[in-house]
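Hi there,

Here is the structure I said I would pass on to you. Have a look at it first, and then read my notes below.

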Amino acid sequence: MIEKILKINKIPYKLIDEDSDFKLVKVNSKIHILYLFGKGNRFLMERDYFEYLDGNTIPYSILCHDITNNKMYYLKLNKNTNWVKSCFETC
């Protein structure tokens, strides 16, 4: 879905990685977007995804897509301090 949205809007992107429940894209070489999708409104981000995103110099966002209800949740996060980072640092 994320690739379709980017293509329709003619936004340049590069697919970095993908698996059965996520895609990681770099948009315009300015932002990473982690696209998580699944049935329902619960999404799981593996530590490896986070460490890759946080270890890069460009900002990142998370787009969660509930494919059952066709709802999307876009999370724009502060690179230095955000709740995702604090969750991984304390577990």
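**An aromatic pair**

Phe22 and Tyr49 are both buried, where buried means under 20% relative accessible area, exposed means over 50%, and partly exposed lies in between (1.4 Å probe, protein chains only). Before going on, please keep in mind that this is a predicted model: local features need pLDDT of at least 70, side-chain atom pairs count only at pLDDT 80 or more, and totals for chains, interfaces and linings use all residues. Residues are numbered from 1 along each chain as its sequence is written, and side-chain values use heavy atoms, with hydrogens and water left out.

How many aromatic pairs does the structure hold? There are three, counting rings of Phe, Tyr and Trp (its six-membered ring) whose centres lie within 6.5 Å; planes under 30 degrees apart count as stacked, over 60 as edge-to-face and the rest as tilted. One of them joins Phe22 and Tyr49, and this pair is tilted, with 4.2 Å from centre to centre and 35° between the planes. The pair links distant parts of the chain, since Phe22 sits in strand 2 and Tyr49 in helix 2, 27 residues apart. Helices (H or I, at least four residues) and strands (E, at least two) are DSSP runs, numbered from the N terminus.

Side chains of opposite charge can pair when their charged atoms come close. The count of salt bridges is two, each being a side-chain nitrogen of Lys or Arg within 4 Å of a carboxyl oxygen of Asp or Glu. In one, Glu3 pairs with Lys23, and the closest N and O atoms are 2.5 Å apart. This pair also links distant parts of the chain: Glu3 is in helix 1 (residues 2–8) and Lys23 in strand 2 (residues 22–27), 20 residues apart. In the other, Lys23 meets Glu18 at 3.6 Å, N to O. Shared partners join Glu3, Glu18 and Lys23 into one network.

Which of these residues are buried and which are partly exposed? Glu3 is buried at 17% relative accessibility, and Lys23 is buried at 15%, while Glu18 is partly exposed at 42%.

**Phe43**

Phe43 lies in the loop between strand 3 (31–38) and helix 2 (47–55). With a relative accessible area of 26%, Phe43 is partly exposed. Leaving aside neighbours within four places in sequence, Phe43 is in contact (heavy atoms within 4.5 Å) with residues including Leu36, Cys64 and Tyr73. Phe43 and Phe22 are 21 residues apart in sequence and 9.9 Å apart in space, C-alpha to C-alpha.

Happy exploring!
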